[in-house]
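Subject: Structure for you to look at

Hello,

Here is the structure I promised to pass on. Please open it and keep it beside this email as you read.

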Amino acid sequence: MDGRILAATDLRAADEVRLPGRTPDRTHRIELTGGMAAYDWALNGRPFDMADPAAHPFLVGDGERVRLEFVNRTDMWHPMHLHGHTFQVGADGPRKDTVIVLPGRTVVCDFDADNPGRWMTHCHNAYHGEAGMMGLVAYRA
Ligand SMILES: [Cu+2]
């Protein structure tokens with residue numbers, strides 16, 4: 001455990017899986033909000049509504065290159081996960097489906113919308129997700 005700690009930004013996608021260069025068709029800025037005291041974890045200040053889960057989706061279009069900007073406004077780190085896709089971290093970083101966003105930092109992730117449906121994006125700390133740090137990415141074929 002005394003070796004060098006590798007960050008995602010130290011990695012590069014293999015040629016076979018690197019996303020071809022493309023300007024994003026759409027960007028969703030997703031602020032990670034809330035705190036430990038109130039335990040009001042949310043995305044963009046809005047906790048996920050379990051009673052109305054399809055409300056307020058992050059809409060994308062089929063076939064689009066989509067950019068997610070995870071902006072961490074909290075004092076904790078959050079492993080942000082997207083279902084149904086893998087995203088590329090940064091311009092040529094690794095393909096992943098979960099990325100750690102450190103406090104006060106922003107991580108930019110691009111993916112191709114090639115799997116229509118309604119997909120959760122959420123903090124993979126299940127306590128945070130259950131408290132409301134979840135959202136829906138949605139599009140039709
Ligand atoms: Cu979290």
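Below is what was found, from the whole chain down to single residues.

Please keep in mind that this is a predicted model.

**The chain as a whole**

The protein chain has one helix and eleven strands. Read from the N terminus, the order is β-β-β-β-β-β-β-β-β-β-α-β.

Next, the overall size. The chain has 141 residues, and a compact globule of that length would have a radius of gyration near 14 Å. The protein chain has 15 Å, which agrees. Its C-alpha atoms fill a box of roughly 50 × 45 × 20 Å along the principal axes.

What share of the residues is buried? Buried residues make up 38% of the 141. The chain exposes about 8000 Å². Carbon and sulfur atoms supply 52% of that area.

Now the contacts. Take those with a sequence separation of 6 or more: 71% of them join residues 24 or more positions apart.

Charges come next. The chain carries 15 positive and 19 negative charges.

**The copper site**

Which residues coordinate the copper ion? They are His78 through ND1, Cys123 through SG and His128 through ND1. The distances are 2.0 to 2.1 Å. Along the sequence, the donor residues follow the spacing H-x44-C-x4-H. His78 lies in strand β5, residues 78-82, and His128 lies in helix α1, residues 126-131. The pair therefore ties together parts that are 50 residues apart in sequence. Are these two histidines buried or exposed? Both His78 and His128 are buried.

**His81, also in β5**

His81 has its place in strand β5. With a relative accessible area of 10%, His81 is buried, because the cut-off for that label is under 20%. Which residues does His81 touch, leaving out those up to four places away in sequence? The list is Asp97, Thr98, Met120, Thr121, His122 and His124.

**Thr27 in β1**

Thr27 is found in strand β1. Its relative accessible area is 42%, and Thr27 is partly exposed. Leaving out residues up to four places away in sequence, Thr27 touches Arg67 and Glu69. Also look at Thr27 and Phe58. They are 31 residues apart in sequence, and their C-alpha atoms are 9.8 Å apart in space.

**Two residues with positive phi**

Tyr39 has a positive phi of about 50°, although it is not a glycine. Where is Tyr39? Its place is the loop between β1 (26-33) and β2 (42-43). At 34% relative accessibility, Tyr39 counts as partly exposed.

Asn44 is another such case. Its phi is positive, about 55°, and Asn44 is not a glycine either. Asn44 sits in the loop between β2 and β3 (58-59). Its relative accessibility is 37%, so Asn44 counts as partly exposed.

**Where to start**

Begin with the copper ion and find His78, Cys123 and His128 around it. Then follow strand β5 from His78 and look for His81. After that, visit the loops that hold Tyr39 and Asn44.

Best wishes

Methods
Residues numbered from 1 in each chain as written. Predicted model: local features only at pLDDT ≥ 70, side-chain atom pairs only at ≥ 80, totals over all residues. Heavy atoms only, no water. Donors = N, O, S within 2.8 Å, 3.2 Å for Na, K, Ca; no water. Helix = DSSP H or I, 4+ residues; strand = E, 2+ residues; numbered from the N terminus. Buried < 20%, exposed > 50% of the residue type's maximum accessible area, 1.4 Å probe, protein only. Rg over C-alpha atoms; globule rule 2.2 N^0.38 Å. Contact = heavy atoms within 4.5 Å. Areas by Shrake-Rupley, 256 points an atom, 1.4 Å probe, with all protein chains shown as cover. Lys, Arg positive; Asp, Glu negative; His and termini not counted. Charge placed at Lys NZ, Arg CZ, Asp CG, Glu CD.
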